[in-house]
Amino acid sequence: MDVSFLDVRAINARHADELKAAAARVIDSGWYVLGEEVAAFEAEFAQWCGLPHAVGVGNGLDALVLILRAYRTLGRLAEGDEVIVPANTFIASFLAITQSGLVPVAVEPDTQTFNLDPARIEAAIGPRTRAIMPVHLYGQLADMPAITAIARRHGLLVIEDAAQAHGATWSGRRAGAFGDAAAFSFFPAKNLGALGDGGAIVTADPVLAQRVAALRNYGSLEKYRHLYQGVNSRLDEMQAAMLRVKLKYVDADVDRRRAIARRYIAAIDHPDIALPSVSAEERHAWHLFVVRSAHRDALQAHLRAQGVHAQVHYPVAPHQQPAYAGSLRDDLRLTERLHDEVLSLPIGPTLDDHGVERVVAACMSFRSPT
Ligand SMILES: *Cc1c(COP(=O)(O)O)cnc(C)c1O
């Protein structure tokens, strides 16, 4: 049997009885949008994040977009304002900025942590810069103390893209609790995954939370009174019910991911495979375990021949995507090199010790092409 990259079916099968009972509760309730399940999940997720407010939305991209739109309607952001973003992120971070009439300013990452490099942020700040959007890439917290200090000095908003970082903590604070607001995704493959699309924003700011709550629902807090030109992007009752079940297990799941990562780091010792660098164990929620190799494609093919499914996150950087053809800064050599070298090994809460050892053995038997 192959070692799959991530077995979402097995992840949910562990909770099948509870998930089915929760689904039955929603079906029988006759209430499917913005009801008790969403309200309860918002309260539970906010508490888990250590924040007073969470607002459920349709997906992680919309969570980012709605934070930016909310700040626009609050007068904190205006058309053409610049947002600093890591160059090596999933394209959703960029799409959220450009969809909101804002300008992404891509900054090269720290090639050890893959995260925004605080030392490069200040050089990217110009007269139109209004916000920084750190992305906790692969599940590891960006250097939030340094980033929030820079933001404070320059009067910038900090909007965390925490879509990969459920469960990462720094001095007891969870991802999402460092910036002015944060966006989470509950796409099925994320550390906390729904059985469909879902997302949430979290914040300590009641005004922002209420504005996002209005914007996700046609700009309305009261039926047929529309204060803003909102959208329809609501977390639905069924997904909220699924997430309430799965939230109970996310800490244990992240613990299992950490144990797998520890084993990989202890056991994979190969001149052509660079292991990820971890600033502190609890800061990494190991959404992905990403190694680097100058022979990435050969390594991926070798693993595949051994029955081990590895994936690339991501093969092409946002600034090189056809969607942004020529419209973004393109002197991003570190980012481009990372995209040629990164490879994500299997990791997840249902990967057992036997599977882990097969991944280790497959890596150790790699011979680089000469
Ligand atoms: C998954 C992801 C998103 C978008 O989430 P969706 O729910 O898929 O829209 C945004 N940013 C990052 C870094 C992601 O990994």
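**Exercise 1.** Which element gives the most residues to the lining of the largest pocket?

*Solution.* The model is predicted, so local features need pLDDT of at least 70, side-chain atom pairs count only at pLDDT 80 or more, and totals for chains, interfaces and linings use all residues. Residues are numbered from 1 along each chain as its sequence is written, and side-chain values use heavy atoms, without hydrogens and water.

Step 1. A pocket is an open set of points on a 1 Å grid over the protein atoms alone, where a 1.4 Å probe fits, with protein on both sides within 12 Å along at least five of seven lines; lining residues have an atom within 4 Å of a point.

Step 2. The lining of the largest pocket comprises 29 residues, and Phe90, Gln164, Phe187, Lys190 and Tyr314 lie nearest its centre. Two or more of the lining residues come from helix H4 (60-73), and likewise from helix H5 (91-99); helices are DSSP runs (H or I) of at least four residues, numbered from the N terminus.

Step 3. H5 gives the most, with four residues.

**Exercise 2.** State from which domains the lining of the largest pocket draws at least three residues each.

*Solution.* These are domain 1 (8-244) and domain 2 (249-365), with bounds from an automatic or database domain assignment.

**Exercise 3.** How many disulfides does a search of the whole structure find?

*Solution.* Step 1. A disulfide is counted where two cysteine sulfur atoms lie within 2.5 Å. Step 2. The search of the whole structure finds zero. Step 3.
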